[in-house]
Amino acid sequence: MCDKTGPNAAKIGQERALCVRERPLRLAAADDRGRPSTGTQAPRRAFLRQSLSVLGAATLATTLEMFLGRSVVGHPPVVPGYGPLRPMKDETTGLELLQLAEGFRYLSHGWTGDEMDGTATTPGGHDGMAVIASDQNGVTLCRNHELESWHKPFGNDAIRYDARGGGGCSNLRFDTITGRWVKAWPSLAGTVRNCAGGPTPWGTWLSCEETILGPGDLDRGKDRGYEQTHGWVFEVGVEEARPMPLKDMGRFVHEAVAVDPATGYVYETEDRATAGCYRFVPNERDKLSSGGRLEMLKAVGAPDLRAGSRVGQVYDVSWVRIDEPERVRTPGTTDDLGVFSQGKARGATTFARLEGCWFGNGFVYLNSTNGGERKLGQVWQYDPQNERLKLIFESPSRNVLDSPDNIAVSPRGALVLCEDGRRVPTRLHGMTPDGYIFPLAANNIVLNGERNGFRGDYRSKEWCGATFSPDGRWLFVNIQTPGITFAITGPWGEGLV
């Protein structure tokens, strides 16, 4: 449980109050029955009037599906957001790589194979990403590369963990004044399957390995010859990382993390069919290398939340301790559930694949990629101050939302969901804090050798790494394959994001 009575309680309470006061109240959250809270009717009505004026242009089939979705899961319908999406030209290449609403524009950068500073070329497998530093001239981002093996690790020896690991991170600099990409450079190398992670309040990136492989382990029948154990979290700075695993944060199939700025607690997700949600309580705030304790979430009275919940349902939360955070396997088995099984033995809760994780609006938001009755995705909201977990969205159909992966919260308080499903094209979605979903962008990448020799239809490839500049003017995001980073700007503040 959070320390609400100790010597830091007053300070934590002040910081939380400041966080809540500063967050924008564009649309107030619904109550536990999914209804608007007291005092929210006027902005809600204005929001719906704007939405319905655009819905009038929608096809009858789509409109029916929206409202049928509401009846299936008791959830508000899809709304149009910024308007219809159409193909738009990239200002870097002139290619129509994305579909956006009128008034938006974008620039691509950091394609797989592009040169970075030094002797490295940009690796593929673009995944999780966040802004980790900003100043009056621009921002610095850290980007994951979800790779197993490369011809050799990119980057120099100082940032290399395992000579056989092909994954890692690269950093990018973007000038928000001129709207131009400046440079990119390697920041962590020699790791494996760096899928997601998350930014810290002290200006670093936590990069997570989505694997537990190590020396001698077979990966789909093949020994990749790793020299070090994997399945860790690494901390990456603006210039580069110390390639040191944070072992007290656990060794499991990591996905994403989110840090509560009021406490310094780190929340971790696990990308497995049987997944846990974890909390790391550091011994020394802002210094994760000092160690700490790992815990697993227990939703009281709900041992399994993969399905069976209704939108708006709230669960009380407690936490159970993981005594051996480095344990890879359940004793007597060959599984990779060594951490998860410890929590389950003490009554912790099972989720469907937990992927995206982000702190915003005073809450931790979690994406369960294949959770829900139709296995198309859930969005959870955890309240660390009151120790409550709430289901705020569940997808009723593939056309509404198909497998949400990475998640981010904009400076104005809206959510951004990265889609990784079977629907073509894959999409980027916005969502209000109370669960109204709307389209932001669609993948339109079809190449015929115009850039770095890539050929093919990539419109089914996943979105990932969404993150905003602190001023809210620029949204940065990746398409994992062929591996491209985008900076998107437009009338964000005039709409719901």
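Predicted model: local features only at pLDDT ≥ 70, side-chain atom pairs only at ≥ 80, totals over all residues.
With a relative accessibility of 6%, Asn406 counts as buried, because buried means under 20% relative accessible area. Leaving aside residues up to four places away in sequence, Asn406 touches several others, among them Asp127, Gly128, Ala196, Glu255, Cys418 and Cys464.

Opposite Gln99 stands Ala442, a residue of strand 25.

The discussion now passes to the charged side chains. The model holds 27 salt bridges. One of the pairs consists of Asp114 and Arg451, whose side chains meet with an N to O distance of 3.0 Å. These two residues are 337 residues apart and link distant parts of the chain: Asp114 lies in the loop between strand 3 (105-109) and strand 4 (126-135), while Arg451 lies in the loop between strand 26 (446-448) and strand 27 (455-457). How accessible are the two partners? Asp114 has 14% relative accessibility and therefore counts as buried, whereas Arg451, at 22%, counts as partly exposed.

A further salt bridge joins Arg346 to Asp323, with their closest N and O atoms 2.6 Å apart. This pair also links distant parts of the chain, its members being 23 residues apart: Arg346 belongs to the loop between helix 4 (338-345) and strand 18 (354-360), and Asp323 to the loop between strand 17 (314-322) and helix 4. Arg346 counts as partly exposed because its relative accessibility is 40%.

Asp471 and Arg473 form another such pair, in which the N to O distance is 3.6 Å. Are these residues buried or partly exposed? Asp471 is partly exposed, having a relative accessible area of 42%, and Arg473 is partly exposed as well, at 39%. Salt bridges may also share partners: in this way Glu148, Arg193, Asp219, Arg220 and Arg224 are joined into one network.

Key: Residues numbered from 1 in each chain as written. Heavy atoms only, no water. Salt bridge = Lys/Arg side-chain N within 4 Å of Asp/Glu carboxyl O. Helix = DSSP H or I, 4+ residues; strand = E, 2+ residues; numbered from the N terminus. Buried < 20%, exposed > 50% of the residue type's maximum accessible area, 1.4 Å probe, protein only. Contact = heavy atoms within 4.5 Å. Pairing = 2+ DSSP bridges.
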